[in-house]
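Okay, everyone, thanks for coming. I'd like to walk you through one model today, so let me put it up on the screen.

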Amino acid sequence: MANTSKIDEENRKQLMVMNAATLERLRADDTVQPLVDDDKLQLFGIPEFFSPDECQKLMTMIDAVARPSPVFYATEGREARTSYSGDLDAHNPFVRSLHRRMDDLLGVEEEFGETMQGQRYQVGQQFRAHHDWFDTTQSYWTPEVAAGGQRAWTLMVYLNDVEEGGNTDFPKANISVPPQAGTLIMWSNANADGRPNMNTLHAGTPVKKGTKYIITRWYRGRRWY
Ligand SMILES: O=C(O)CCC(=O)C(=O)O
Ligand SMILES: [Fe+2]
């Protein structure tokens, strides 16, 4: 136990440093629009972060890899995440070029970012309210400690417009973001002290009409490979 708390404490400090540096960079970037940026939540958006061609290419790739999504948290009900998802090929030059664009935005090295994950939601599918943090009391945490530790940032890009539904809701901040093709949203999962920010609670609300495609990329507090 003592060992685990020492690791958690190291991870907290890494996240604290990373949080300060990345926020400073984003606030100085005039392509980045703050959706909420106060002491409770730091959520930003960038329209047209991916071009229509890039979105199209990614949707085709997602269709090739999408399987019923695993739900990471054992405590979540089976229905927590009903979308289809799959990791994109981290060695694909096109995927890597998009990775680099995201790395540049945050000002961190590529190795901090997980491989982009694609997700597809059909009518009725959703991702119920959750945090992107790993639960450090679960057994899966031990291997994650060795593989980059906590998820410091979440970057998400909507690849298409959805006819109805599919907004990303942040219930603690009273914000609902509608999917718009090419738009990136991103938020820090950590507080200024490097501890989990519970106000990052969010949900992919059910798609009512059409299909919703997104990619998500999580950045760790340190290199994950
Ligand atoms: O689909 C959404 O809007 C949210 C997705 C999400 O929360 C995730 O991939 O962790
Ligand atoms: Fe999430």
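I'll start with the overall picture, then go through the sheets, the core and a few loop residues.

First, the ground rules. This is a predicted model, so local features need pLDDT of at least 70 and side-chain atom pairs count only at pLDDT 80 or more, while totals for chains, interfaces and linings use all residues. Residues are numbered from 1 along each chain as its sequence is written, and chains are lettered from A and ligands numbered from 1 in the order in which they are written.

Overall picture, then. The protein chain has four helices and 14 strands; those are DSSP runs numbered from the N terminus, helices being H or I with at least four residues and strands being E with at least two. A compact globule of 225 residues would have a radius of gyration near 17 Å, and the protein chain agrees, because it has 17 Å. That radius is taken over C-alpha atoms, and the globule rule is 2.2 Å times the number of residues to the power 0.38. Along the principal axes, the C-alpha atoms fill a box of roughly 50 × 40 × 40 Å.

How many of the residues count as buried? Of the 225, it's 35%. Buried here is 20 or more other C-beta atoms within 10 Å of a residue's own, exposed is 12 or fewer, and partly exposed is in between, with C-beta atoms placed from the backbone. As for contacts (C-beta atoms, placed from the backbone, within 7 Å), take the ones between residues at least 6 apart in sequence: 77% of them join residues at least 24 apart.

Now the sheets. Quick reminder: strands of a sheet pair through backbone hydrogen bonds, either parallel or antiparallel. I call two strands paired if DSSP finds at least two bridges between them. One open sheet has eight strands, in the order β1-β2-β11-β7-β14-β5-β4-β3, with antiparallel pairing. β1 and β3 (67–68) sit at the edges with a single partner strand each, so one side of each has no neighbour in the sheet.

Look at the β1 end. Angles run from 0 to 180 degrees between N-to-C directions, using axes fitted to C-alpha atoms, for helices over the stretch in contact.

There's also an open sheet of four strands, ordered β6-β12-β9-β10 and paired antiparallel. Its edge strands are β6 (127–130) and β10 (175–177), each pairing on one side only, and the twist averages 10° from one strand to the next. β6 and β12 (residues 202–204) are joined by two bridges, with His-130 partnered by His-202.

On to the core. The largest nonpolar core has 37 residues, and among those touching the most other members are Trp-153, Leu-184 and Met-186. By nonpolar core I mean buried Ala, Val, Leu, Ile, Met, Phe, Trp, Tyr and Cys residues joined through C-beta atoms within 7 Å. Elements giving two or more residues include α1 (2–27), α2 (52–65), β7 (151–158) and β14 (212–220). Which strand gives the largest share? That's β7, with six residues. Met-186 touches Phe-44, Trp-153, Thr-154 and Leu-155, leaving out residues up to four places away in sequence.

Last, the loops. Pro-47 is in the loop between β2 and α2, and it counts as exposed because it has 11 C-beta neighbours inside 10 Å. Beyond four places in sequence, Pro-47 touches Gln-180, Gly-182 and Thr-183. Glu-48, in that loop between β2 and α2 too, has a positive phi near 55° without being glycine. With 13 other C-beta atoms within 10 Å, Glu-48 is partly exposed. Asn-174 also has a positive phi of about 55°; it lies in the loop between β9 (168–170) and β10, and with 8 C-beta neighbours inside 10 Å it counts as exposed.

Key:
Two residues are in contact if their C-beta atoms, placed from the backbone, lie within 7 Å.
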